[in-house]
Amino acid sequence: MSEAIEKTTLIGKSITKPDAPDKSNGRTRYINDMVLPRMLIGKIKRSDRAHAKVLSIDTSKAAAVPGIQAIVTADDTPMVGVGVTKDNPPLKKDIVLSMRDELVAVAGETEEAVDKALALIEIEYEDLPAIFDPAEALEEGAHQMHDDKPGNLSLGYQTVHGDIKQAEKDSDHVLDEVYDVHYVTHVCMGPGCVIADFDTHGKLTMYTQTQYPYNYKMDLAPSLGMHPGDIRVIQPPVGGAFGSKLDVYPFEPIAVFLAKKTRRPVKVIFSREEEFSASPTRQPARFHIRAGVKNDGTLTFRDVDALLNNGSHTSWGATTPFVMMRTFTGHFRVPDVEFRSRAAYTNMPYAGSFRGYGNVQATYVTATVMDKLAEAVNMDPISFRLMNAQKAGEITPQNSKLEECLLGECIETVAEKTNFLEQYNAFKAEQDSPGRYKKGIGIATSFHNAGGAKIHKSDGCGTVIMLDDYARATVITGASEIGQGIDAVLTQIVAEELGIPTENITLVNNDSAIGPWDVGVHASRTTFIAGNSAKRAARKARDQILDAAAQRSNVAADDLDLRGGSVVQNDNGVPVMKIDSLLRKMHFAGEDAELVITHDYYEPPSEPEGDNHVGDISAAYSHGAYVAEVTVDTWTGVVKLNKMTAVQDVGRVVNKLGIEGQMEGGIAFGIGYGLTEEMIIEGGEIKNPNFRDYKVMTAPEAPELEFHFIENDDPDGPFGAKGIAELPTIIPAPAIANAVYNAIGIRFNNPPLTPEKVARAIVDKQAAKVAAE
Amino acid sequence: MSQMVNIIVTVNGEKRHVSVTPGLSVLNMLRDNLDLTGAKLVCGEGECGACTVIVDGVSVNSCLMYAVELDGREVTTVEGLQSSEKLDPVQQAFVDKGAIQCGYCTPGMVMQTTHLLSKNGKPNDEEIRRGLEGNVCRCTGYTKIIEAVNQAAEG
Ligand code: FES
Ligand code: FES
């Protein structure tokens with residue numbers, strides 16, 4: 001018999017993404033690259049008014065353009081809405097409510113023909129008074145946007161705990177502030193794209209970028225007048241998603257209308273300008289927060305009113321208070337807390353889900369408020385946070401059960417690694433001294449679900465594993481790959497369980513007709529949920545193999561292990577047989593023949609919210625504490641982020657390369673939110689729909705990063721892992737804002753901290769100082 | 001229909017006869033006429049670098065260059081870097097270092113890196129960052145891309 005095989009583990013190691021080689025040499029066919037036989041190009045004519053009556057649409061000249069095969073308007077459609085509250089008919093009739101509103105769609109043989117046709121469509125409008133401010137939209141007598149939404153109220157949330165009136169009386173200091181957080185957008189590198197294709201049975205195949213393929217069918221079908229079971233969803237590789245593809249958006253049913261009319265496949269693809277102006281944004285909001293503290297540093301209460309600009313229609317953005325409220329009620333101990341939100345319809349763009357969900361917005365508020373409260377009671381930012389940080393075993397007012405809670409450890413670690421207090425005090429002392437460049441250091445912490453989020457009836461994921469005669473495994477999972485790297489993580493988990501090399505695993509996860517159900521890539525859930533499902537399915541396969549090996553050897557199944565492609569004795573690693581030859585013996589065993597095909601559906605042990613939004617919605621929670629070190633150029637207002645040190649509770653690292661990538665990318669989003677990214681919208685029109693004027697980070701601005709992962713196995717996570725994809729996005733902006741305050745003594749309640757804004761604030765501060773003298 | 005222009009261009013070492021309209025970009029010619037879809041159309045305005053290819057040894061934004069300008073010249077795309085079935089060292093470095101998430105920026109990044117290293121075999125950190133300034137990546141935050149360039153340079 002061959003040599004003993006030592007027990008090793010793949011968990012925590014770096015493995016490269018299985019799809020990376022094909023992506024490195026141009027072989028990958030993204031959806032945008034796909035061409036189907038006889039495929040037509042579809043494009044959309046949108047409103048150029050923020051709010052108007054549509055008096056007439058004349059498509060006769062467009063129809064005469066050579067190569068045009070179909071033109072559709074609302075009259076050709078069932079007029080059933082898409083989106084979270086189904087208030088968004090794919091093609092609009094009679095009234096347009098925003099600049100992005102879809103009015104006419106054209107399909108033709110070439111892009112040139114379609115562009116020409118679009119330019120020839122004549123639309124007559126009668127302008128209506130437009131409302132851009134949500135407060136105005138809620139005023140009495142404001143023009144009502146949707147017949148069934150009185151007072152322009154879209155969605156409202158409220159959660160109330162304890163007695164904030166009494167708690168306010170018990171407070172020594174009460175902070176009362178307003179924050180305005182802005183519009184940003186995903187800027188996926190791959191522009192929006194969909195291909196709709198009917199077969200001869202009338203069944204529809206959607207090639208889409210969606211990140212929730214199963215419920216996508218359910219959400220899409222009514223707008224088409226179809227049964228969800230007649231839709232097959234295929235997910236070719238995509239150029240980024242980050243939450244932007246978690247809903248059905250009008251262009252998708254529009255592609256179907258065109259395909260239906262022409263009986264040919266139709267591809268709709270966005271221009272970069274459309275990608276900026278007709279994709280969802282991050283939800284903007286105005287927060288009015290009142291927060292109290294006692295002189296000894298104990299937090300007393302929080303009272304938050306959030307006013308959300310819903311825009312013209314409703315996607316996930318309007319539901320972000322679901323996450324915001326967990327941030328306001330959790331994280332630090334505040335037993336008396338109230339949160340109310342209203343989303344008001346306006347003639348602005350609408351928001352979708354976006355990595356970090358409402359937590360990016362809410363944490364900008366809480367993390368800067370924590371600094372302000374610390375200052376009010378003359379405490380430093382670290383001790384103040386440590387004193388109020390929640391601990392393991394605590395339960396938040398909304399019933400997030402913190403079985404594990406490493407917030408305190410995260411704060412202590414990051415403070416120590418950055419020499420926080422010493423730097424903080426030194427920079428503070430320098431604030432008013434002469435000199436162009438001022439340094440600052442700031443901390444912010446985060447709290448987020450890390451074991452899924454039960455917002456749908458199921459938060460589950462299914463997996464099927466099949467082993468062939470050569471011990472090659474096919475892993476069919478419901479979990480989507482959108483660049484985040486679940487392909488590597490699941491491969492690693494299955495390889496670990498089955499003792500086979502990762503190269504011997506093929507992952508299949510791009511076809512709803514093949515894969516088992518999954519709720520979608522959101523809520524940082526995939527490593528936790530899909531990881532558990534894959535692990536459990538692999539465990540069943542492993543058990544079946546070990547039982548078969550035990551039957552064919554003198555060793556009990558419990559004393560066997562799978563390593564390096566062999567069944568080995570657990571204690572000494574001596575191989576008993578090769579897995580592939582065992583699989584063949586099992587397969588060709590006559591009447592006892594068996595194949596190893598296992599499956600699992602994993603539903604996490606979490607609960608949906610009940611009354612008052614109380615419920616332990618996630619099977620795990622995670623905290624992080626990050627420190628930003630900045631230099632402010634007081635002449636130009638430029639804030640340079642020199643370094644970000646991140647301490648993150650991760651449960652357990654599965655793929656080191658992958659988790660670092662998620663951290664680095666997530667932090668980049670957070671930095672953009674805090675420093676440079678902002679959609680400039682005037683009169684409902686996006687004025688900077690391009691890379692020149694909407695500034696995403698490029699390589700020269702990428703800061704130095706230092707990570708410390710705190711590993712403390714989550715009892716329910718796969719190999720102890722938690723999901724962290726959104727967490728790094730949440731913290732950078734407030735950490736930077738706190739660092740800027742440390743540098744120059746100025747607070748910004750309205751990110752991003754652009755050079756103009758910072759320079760203006762510095763001038764104002766100096767002017768005020770001169771005036772006072 | 002605009003008048004077609006016939007050009008002869010060497011693409012990834014192969015001489016190609018292509019018939020193009022005067023307004024056609026190099027990017028669209030590669031993607032639509034030659035089925036080389038590695039280079040990506042992301043902005044079409046020279047602002048993101050996803051369409052980067054190398055023309056006569058210099059990296060260009062192929063979305064901004066007219067195909068007619070290619071007559072008699074040599075183009076290398078991300079599909080043309082490998083000289084064997086093995087990935088080219090720059091491509092391999094991007095794989096090894098985890099510099100690829102969605103991968104949509106990767107063909108442009110790989111070509112820009114190839115160009116950078118052909119001009120400067122041992123770039124320092126500053127030179128790498130400046131060299132990649134015109135290439136946007138939304139997924140990675142650039143750390144691993146910079147590491148990949150370093151690996152390729154040391155290669
Ligand atoms: S597509 Fe050419 S630079 Fe963006
Ligand atoms: S890897 Fe997605 S844009 Fe760079």
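Me: What are the ground rules for the numbering and the values?
Reply: Residues are numbered from 1 along each chain as its sequence is written, while chains are lettered from A and ligands numbered from 1 in the order in which they are written. The model is predicted, so local features need pLDDT of at least 70 and side-chain atom pairs count only at pLDDT 80 or more, whereas totals for chains, interfaces and linings use all residues; side-chain values use heavy atoms, with hydrogens and water left out.

Me: How do you know which residues of chain B and chain A belong to the contact?
Reply: Contact means heavy atoms within 4.5 Å. The contact takes 42 residues from chain B and 48 residues from chain A.

Me: What makes up the figure of about 3600 Å² for chain B and chain A?
Reply: Buried area is the accessible area (1.4 Å probe) that two parts lose on being put together, summed over both. Chain B and chain A bury about 3600 Å² between them, and 56% of it is on carbon and sulfur atoms. On the chain B side, Gln101(B), Tyr104(B) and Arg138(B) lose the most area to chain A, together 23% of what that side buries.

Me: Why is the meeting of Asp35(B) and Arg29(A) called a salt bridge?
Reply: The term asks for a side-chain nitrogen of Lys or Arg within 4 Å of a carboxyl oxygen of Asp or Glu. The side chains of Asp35(B) and Arg29(A) meet at 2.9 Å, N to O, which means that the pair falls within the 4 Å limit. Across the interface of chain B and chain A the rule finds eight salt bridges.

Me: What residue classes make up the side of chain B that touches chain A?
Reply: That side has 18 nonpolar, 11 polar and 13 charged residues. Ala, Val, Leu, Ile, Met, Phe, Trp, Tyr, Cys and Pro count as nonpolar, Asp, Glu, Lys and Arg as charged, and the others, Gly among them, as polar.

Me: Why is Tyr142(B) called buried?
Reply: Buried means under 20% relative accessible area, exposed over 50%, and partly exposed in between (1.4 Å probe, protein chains only). Tyr142(B) has 1% relative accessibility, so it counts as buried. Tyr142(B) lies in the loop between α4 and α5 of chain B, where helices (H or I, at least four residues) and strands (E, at least two) are DSSP runs numbered from the N terminus. Tyr142(B) also has a positive phi of about 75 degrees although it is not a glycine.

Me: Is Asp56(B) buried, partly exposed or exposed?
Reply: Asp56(B) has a relative accessible area of 43%, so it is partly exposed. Asp56(B) is in the loop between β3 (52-55) and β4 (58-61) of chain B, and its phi is positive, about 45 degrees.

Me: What makes a set of residues a nonpolar core, and which have the most contacts inside the largest?
Reply: A nonpolar core is a set of buried Ala, Val, Leu, Ile, Met, Phe, Trp, Tyr and Cys residues joined through side-chain atoms within 4.5 Å. The largest has 151 residues, and those with the most contacts inside it are Phe287(A) and Tyr142(B). Helix α10 (residues 359-376) of chain A gives the most to this core, with nine residues.

Me: Where is His313(A), and why is it called buried?
Reply: His313(A) is in the loop between β14 (299-311) and α9 (321-329) of chain A. Its relative accessibility is 3%, so His313(A) counts as buried.
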